[in-house]
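Thanks for making the time this morning.

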Amino acid sequence: MKEQSKYLKILGNIDSQNEKGVNQALEKEGFYSKNQGFPIASLQFELTSHCNLACKHCYNNSGINNISDAMTSQNWISFSQYLVEHGGIFECIISGGEPLLFGNDLFKIMDILHEDGTLFFLITNGYLLTKEIADQLRKYRYHKIQVSIDGVTSEYHDSFRQRNGSWKKAVDGAFAIANNGIPLKIAHCVTPYNIHDIDDMCALAYSLGASSIMVGELCLSGRAAINKDLLLSNEQRELLFQKVRENISRYKGKMGVKCSHSVKEGLERHYKSPNSGAIIRPNGDVRIDGMAPFVVGNILTDDFAEIWTKKIFDSWNSPQVLEFINSFDKEDRNYSFINYVEGDVSI
Ligand code: SF4
């Protein structure tokens with residue numbers, strides 16, 4: 001099958017769920033080399049700033065404005081074709097806002113990349129994840145589909161995500177994904193209000209057929225800045241780590257249990273592999289990382305290949321980026337420049 005073979009031929013028969021293995025294979029094949037050409041290892045499409053939920057912690061402040069995104073469906077379709085014509089991408093991370101709001105246009109975008117062999121990592125809140133949509137998603141090749149579930153019951157989740165009925169839809173949607181044989185990752189945000197439910201949450205993820213659960217605290221970004229009561233204390237963070245260790249042992253060989261890495265660690269890792277990925281925002285901006293507020297161009301006005309080959313690598317060594325990375329405190333918070341609260345910075 002042509003559409004499934006392009007990158008598999010390059011990388012061999014790797015387990016796409018094994019992040020370390022994938023990264024090693026990509027490094028070996030030169031995806032992270034200094035020549036920064038195509039194919040690209042990973043690009044994130046933030047399809048829309050709109051969302052059907054209004055979560056209290058939303059790291060990029062989605063779902064609160066009614067302004068039309070500059071990037072239309074047709075722009076995303078054309079950009080996907082452009083990427084394929086220039087050598088393609090190994091993995092496309094699709095997020096938002098809520099990407100399933102794109103309806104059938106989401107599948108048009110995925111089809112273009114899928115036929116070129118791209119692997120997907122789809123991030124959704126699950127609200128629109130009906131059995132029919134889960135069936136439509138079945139044909140693609142995945143790293144994983146991530147569904148966010150923040151409580152073992154609807155009460156906490158619906159209040160945290162500010163929409164009644166959202167827990168039930170996420171749980172049913174997650175089950176439909178796993179039931180279709182797609183690798184399901186549950187993302188679970190831990191706050192002082194649900195920290196004692198981690199064992200039950202892992203049990204719920206396992207019962208839904210998840211291949212992994214990522215349990216992590218909120219980062220100080222976006223709406224968390226106005227809801228700081230949701231951030232963990234040092235003592236609570238220790239409890240989180242302890243609970244994650246216990247559940248790693250409990251589910252060994254059955255389901256992956258991970259703690260999300262710190263923001264600073266993620267940025268330092270990206271700094272070492274500058275061209276391992278970037279984000280295209282709903283306004284067309286090319287951002288170097290979801291957790292770093294630096295923009296190196298806009299695909300609606302600039303040629304993306306030029307941006308990729310001439311700006312991405314060097315941007316990571318700019319003084320502003322290094323200062324931003326070094327400004328995180330011991331609790332992994334950067335109060336000097338809060339991501340998605342202050343405006344983005346062009347470099
Ligand atoms: S966290 Fe996700 S689901 Fe919640 S408002 Fe933000 S984009 Fe929407």
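Let me start with strand β6 (residues 212-217), which runs parallel to β5 and is joined to it by six bridges. Before going on, please keep in mind that this is a predicted model, in which local features need pLDDT of at least 70 and side-chain atom pairs count only at pLDDT 80 or more, while totals for chains, interfaces and linings use all residues. Residues are numbered from 1 along each chain as its sequence is written. Helices (H or I, at least four residues) and strands (E, at least two) are DSSP runs, numbered from the N terminus, and two strands pair if DSSP finds at least two bridges between them.

Within that pairing, A187 has M214 as its bridge partner in β6, and A187 in β5 is also the bridge partner of S148. The latter bridge belongs with the pairing of strand β4 (residues 142-148) and β5, which is parallel and extends over four bridges. β5, helix α8 (residues 198-207) and β6 make a right-handed β-α-β unit, where right-handed is said of a crossover if, with the strands pointing away from the viewer, the path from the first strand over the helix to the second runs clockwise.

How much of strand β5 (residues 184-190) is buried? Six of its seven residues are, so the strand is largely enclosed by the rest of the structure; a residue is buried if 20 or more other C-beta atoms lie within 10 Å of its own, exposed if 12 or fewer, and partly exposed in between, with C-beta atoms placed from the backbone.

Stepping back, 11 strands form an open sheet with mixed pairing, in the order β7-β6-β5-β4-β3-β2-β1-β8-β9-β10-β11. β7 (256-259) and β11 (345-346) stand at the edges with a single partner strand each, so one side of each is left without a neighbour in the sheet.

Turning to the ligand, the residues surrounding it include C51, C55, C58, E98 and R161, where being near requires a C-beta atom, placed from the backbone, within 6 Å.

Finally, N275 is found in the loop between α10 (263-272) and β8 (278-280), and is buried, with 21 other C-beta atoms within 10 Å. Leaving aside residues up to four places away in sequence, N275 touches Y32, Q36, I312 and F313, a contact being two C-beta atoms, placed from the backbone, within 7 Å. N275 and H196 are 79 residues apart in sequence and 39 Å apart in space, C-alpha to C-alpha.
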